[in-house]
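I opened this notebook to keep track of what I looked up in the structure. The entries follow the order in which I looked.

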Amino acid sequence: MIICMSNIVSRLTVLDYSVVIIYLIILMVIGYRASFGNKKQPDETLFLANKSLGWASIGFNMWGTNVGPSMLLAFASIGYSTGIVAVNFDWYAFVFLMLLALVFAPKYIAAKVSTMPEFMGNRYGKSTRNILAWYALIKMLISWLSLGLFAGGFLVRQILGIPMWQSVIVLVSFAGLFAFTGGLKAIARVNVFQMLLLIGVSLTLTILGVAKAGGLSAVYHHVPTNYWNLIHPASDVKYPWYAILLGYPVSAIAFFCTDQAMVQSVLGAKSLEQGQLGVNFIGWLKILSLPLFILTGILCFILYPHLDDPALAYMTMVTNLFPPGMNGLVIVVLIAVLVGTIGSSLNSLSTVFTMDLYAEKINPNATNKDLIRVGRMTVIAGCVFAVGMALAIDSIKGLNLFDVFQSVLGFIAPPLAVVFLLTVYWKRTTRKAVNMVLSLGSALSLGTGVVYLWVLPSAQYRFWPHYLLLSFYIFVFLTVAAIIISLLDSSPEIYQPNEQEISNIAKPTKRVKFAWALLTAVMIVLYIIFNGH
């Protein structure tokens, strides 16, 4: 008999409530110590953890920013209905994480910047910084905060049965507290604890599921053989190999290499080497997506094959397999992944607004105290906006959250991927080309996204290509346009790096090279193993 997931509240015991309360107390203590524990330096800010993060903090914090509640649900859902194909969205990422560590990070750290708009502004002037700052703010508010908070609120509503407005307010207040008081340092410390907890609880669920299904061999043989294939044929409507191969890199470059919420941890590193090793560490952590998240869905398909909705896979497993006392831990983990994502996003939002708009345009003479005050006000404003947007998204019916999140990212990504790649790899790129791609290119890309998702939705109009391919086509078009504009520019304004910046760009150390060579070898072996069927 399958226990309905809405019954989780009725199954909560005193032990479960105790677990949640103890977790909240531990979290507050870690956050408090990171925020107020040591005597603050007079020049310490909220934004880059005072350049104090080591590789483990960076890896866990980037992973915590990346693993939202929608990912937990979506990966289990796709595992239930199609097998392991969705793990491409995590395993294929190692290529673009390597690009961040070895190509982008040395340039960001050599330029001594706090934000991505500042990096581009140093190269192409204030107009570029301005456009990119507004673009980054809109992107964070919509894709990170609003969709992330909606996913969390949706989950809490499912588990506890409380209205959406109550669940999102509680969640955003909790996440906002760390960003408000301690900034990046508090969020990074909290995320290390939370991600270890996530691994522990998810691994327990997987082990219980494998045991109930009769062992690993039984699990392997009880599903269709194509469930164990990472690469699906071109005829697969949802995940054809060529769409993932061509389209995913566009989103991945924008997401891992240019997104403030992801890159900020690297900018807060003690040293470039620690930053590069931290990015390498998230590559290893992403391998865990298969046993921790996707396998949950596959196990649910074996144990409970007649679910009305694959999206219920994760919670079905939890409510049926966890004994009393562990249901509290699940609530804790779901809060943890949400706090990780929302907290990092709020900190990035406040960093971009404060450093790129307030300090640059509104009050160039701002003191450090002014910057911290404005950063905290931005966190509060971000919380209020995210609650409103999450409630608005909730009114849209029939959303498949993972596909919406991926496709929104797919339409936000092309202009960012184009300008950052050309800036780093083609010295002839001009300011006019960068500004045109960021303004008109963004309007084209986002406009296409609105038409694809809402005006002429792809579910009803079959002429659309796969959303990942559409993202790739926009990327190619904007790249060609940027090259033509740069070559035809009669008075080109081109970035010329000075001697000091060139000398500041450090080469990777032997440890860094070894770490990346090892990860690359492991990923190649994994791809070979999971395509031999």
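I began with Lys 112, which I found in the loop between α6 (94-110) and α7 (116-124); helices here are DSSP runs of H or I with at least four residues, numbered from the N terminus. Lys 112 has a positive phi of about 55 degrees although it is not a glycine, and with a relative accessible area of 62% Lys 112 is exposed, where exposed means over 50%, buried under 20% and partly exposed in between, for a 1.4 Å probe and protein chains only.

I noted that this is a predicted model, in which local features need pLDDT of at least 70 and side-chain atom pairs count only at pLDDT 80 or more, while totals for chains, interfaces and linings use all residues. Residues are numbered from 1 along each chain as its sequence is written, and side-chain values use heavy atoms, with hydrogens and water left out.

The pLDDT, the predictor's confidence in each residue from 0 to 100, averages 84 over the protein chain, and 91% of the residues score at least 70. Over residues 1-6 the pLDDT is below 50. Where pLDDT is low, the predicted coordinates should not be read in detail.

Next I went back to α6, whose 17 residues reach 23 Å from the first C-alpha to the last, close to the 24 Å expected at 1.5 Å a residue, the expected span being 1.5 Å times one less than the number of residues. A kink of about 45 degrees lies at Phe 104, shortly before Pro 106; the bend is the angle between axes fitted to the seven residues ending at a residue and the seven starting there. Among the buried residues of α6 are Phe 104, Pro 106 and Tyr 108.

I then looked up Phe 420, which is in contact (heavy atoms within 4.5 Å) with residues including Phe 104 and Tyr 108, leaving aside neighbours within four places in sequence.

Last came the salt bridges, each a side-chain nitrogen of Lys or Arg within 4 Å of a carboxyl oxygen of Asp or Glu; the structure holds eight. In one of them the side chains of Arg 511 and Glu 273 meet at 3.3 Å, N to O, and this pair links helix α23 (residues 510-529) with helix α14 (residues 272-287), 238 residues apart. Arg 511 is partly exposed at 49% relative accessibility, and Glu 273 is partly exposed at 21%.

Methods:
Helix = DSSP H or I, 4+ residues; strand = E, 2+ residues; numbered from the N terminus.
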